[in-house]
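This report goes through one protein chain by topic.

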Amino acid sequence: MVTLTPTKLVGCFMFGIVLVLIGGIVDILYHEILPKRIQEEVTLEKGSKIYDDWVENPVTTYFQVWVFDIQNPEEVIERGDKPFLAERGPYTYREYRQKYNITYHANKTVSYRELQYYVFDEEASVGPESDIITSANVLMMTLADIIKREYSYVTEIAEIILDAADDSKLLTKYTVSQLLWGYEDPLLKRVNSILQNYNKTIDIKIGLFYGKNNTDDGLYTVFIEKSKLGEISRWNRLKELPHWTTKTCRMINGTEGRFFHPDVKTKDILYVFASDLYRSFYLDYLGEKQIKNIQLYSFVIPDELFAVSDDNAGFCTPYGHCTPAGLQNISLFKQNAPIYMSQPHFYAGDPDIINSVIGLHPTPIIHQTILDVEPMTGIVMNINKRLQINIYLQNVTNIRDSARFTDGLYLPMAWVNEIKGSFTSDLHGEDSNENSKLINPEKKISSNSKRKGQKPKVMFKDKDNDK
């Protein structure tokens, strides 16, 4: 039996006090001093710790594309059968970005453009870009849309072109490269030759991502002060987006999605502006994740992003003409091509559009946009930005192949996964999901866009953009 003398008791007591003091000091270091030090370091000022990485992302970034290959084009056109879609992919591109024309302003903002270009990585792809697939003829549906809405002389031109294109098909074959990055279209050449009589010209190339490679997506002006670090003040000198029809939908909220304010909390709602959607959106906390022993918070785009709701009413164009749940009309920004964006496989979309084709399998996590944030710094360590490009097919008098589309059809063409981050795995073999499963998930993800009993969150926030 051990006997504690008064001296030993005093020693134990003093040792306990020392442990408590050390614990208190560590707690102060972790929760007060360290976050303040981090906030001092996380800035967009020249010479800061993150400046060089902000100008040019030092880690590998991938742009993966899956295309939908129509297996029964004749049956779709002649009998009105549902399109049977085979998903082909991924076709993988290495994505490179570098900011330029960086200009600092006296009101604590910085302006810049960001060059982006893509290089095909066949080794990380399912096949070469020369693979042949069958998809929709975007140009023909664009001309059909022109007939319905444009001035009489433009309508006349479009009708002449379509009448001259008896051999053109609504569903046609492309190489993957042609579908994605563009090709010279014979119909566009005809249109251009006619427009020249009116002293007008158009580009004779067309593709889903035509004009995206080796260019930028606009002029950004963002805040550099710590309370609004990285938040977008203006895009293309605009403080709001003029094409949408309500104040909240016109707001430009959030950052580019590369980082947020330091000391991110699980209760936070993170806002991001996406130029390819021409809108802002928000992300909810999903759960905790550990990658290479670093704790991250995962945030996910909610099912309500493309819901039919009062919050989204301003995205209906023309006003009052809303798409089914799960879709957003961006034809205003695509030269009136009837292009609609969604989550891959119409995830969280109206069941009617999912079931209008065969071959879609919307799946939680796999078909959602998810950001992994290091909470202390606010830096996004991993991004999986997933979007799908669709075209609306409808019956148009001048297009024989459209006769069966009396009810209209939203046809998926391709979906993309833009992968960025410090923990992006090498797609040539390393398992990108290693040690990255969610722990303590905040909620289960449902593919049902009408979750009962759940009050929708506010889609937007007001902010001071007067600088």
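## Confidence and conventions

The chain has a mean pLDDT of 82, and 75% of its residues reach 70 or more; pLDDT is the predictor's confidence in each residue, from 0 to 100. Over residues 23-30 the pLDDT is below 50, and this stretch has six contacts in the model beyond near neighbours in sequence; a contact means heavy atoms within 4.5 Å. Residues 430-436 also have pLDDT under 50, with 10 contacts beyond four places in sequence. Where pLDDT is low, the predicted coordinates should not be read in detail.

The model is predicted: local features need pLDDT of at least 70, side-chain atom pairs count only at pLDDT 80 or more, and totals for chains, interfaces and linings use all residues. Residues are numbered from 1 along each chain as its sequence is written, and side-chain values use heavy atoms, with hydrogens and water left out.

## Nonpolar core

The largest nonpolar core has 101 residues. Such a core is a set of buried Ala, Val, Leu, Ile, Met, Phe, Trp, Tyr and Cys residues joined through side-chain atoms within 4.5 Å. Buried means under 20% relative accessible area, exposed over 50%, and partly exposed in between (1.4 Å probe, protein chains only).

Val65, Leu180, Phe209, Ile391, Leu393 and Leu411 have the most contacts inside this core. Neighbours within four places in sequence aside, Leu180 is in contact with Val65, Val67, Tyr93, Gly207, Leu208, Phe209 and Tyr210.

## Aromatic pairs

Rings of Phe, Tyr and Trp (its six-membered ring) pair if their centres lie within 6.5 Å; planes under 30 degrees apart count as stacked, over 60 as edge-to-face and the rest as tilted. The count by this rule is 24 aromatic pairs. Phe63 and Tyr118 form a tilted pair, with ring centres 5.0 Å apart and planes at 55 degrees. Phe63 is in strand β1 (residues 62-70) and Tyr118 in strand β3 (residues 109-120), so the pair ties together parts 55 residues apart in sequence. Strands (E, at least two residues) and helices (H or I, at least four) are DSSP runs, numbered from the N terminus. Phe63 and Tyr118 are both buried.

Tyr112 and Tyr220 form a stacked pair, 5.7 Å centre to centre with 10 degrees between the planes. This pair links strand β3, which holds Tyr112, to strand β8 (residues 220-223), which holds Tyr220, across 108 residues. Tyr112 is buried at 1% relative accessibility, as is Tyr220 at 3%. Tyr112 also has the charged end of Lys99 over its ring, 5.3 Å from the centre; this requires NZ of Lys or CZ of Arg within 6 Å of the ring centre and within 35 degrees of the ring normal. Phe63, Tyr93, Tyr118, Phe120, Trp181 and Phe209 form one aromatic cluster.

## Cysteines

The whole structure contains one disulfide, defined as a pair of cysteine sulfur atoms within 2.5 Å. Cys316 and Cys322 form it, with sulfur atoms 1.9 Å apart. The link is right-handed, at 100 degrees about the S-S bond. Cys316 is buried at 8% relative accessible area, whereas Cys322 is partly exposed at 42%. Cys249 is in no disulfide, and the nearest cysteine sulfur, that of Cys316, is 8.2 Å away. Cys249 is buried, with 0% relative accessibility.

## Loop residue Tyr319

Tyr319 lies in the loop between β12 (294-300) and β13 (328-329) and is exposed, at 55% relative accessible area. Residues up to four places away in sequence aside, Tyr319 touches Thr245, Thr246 and Ala313. Tyr319 and Thr246 are 73 residues apart in sequence and 9.3 Å apart in space, C-alpha to C-alpha.
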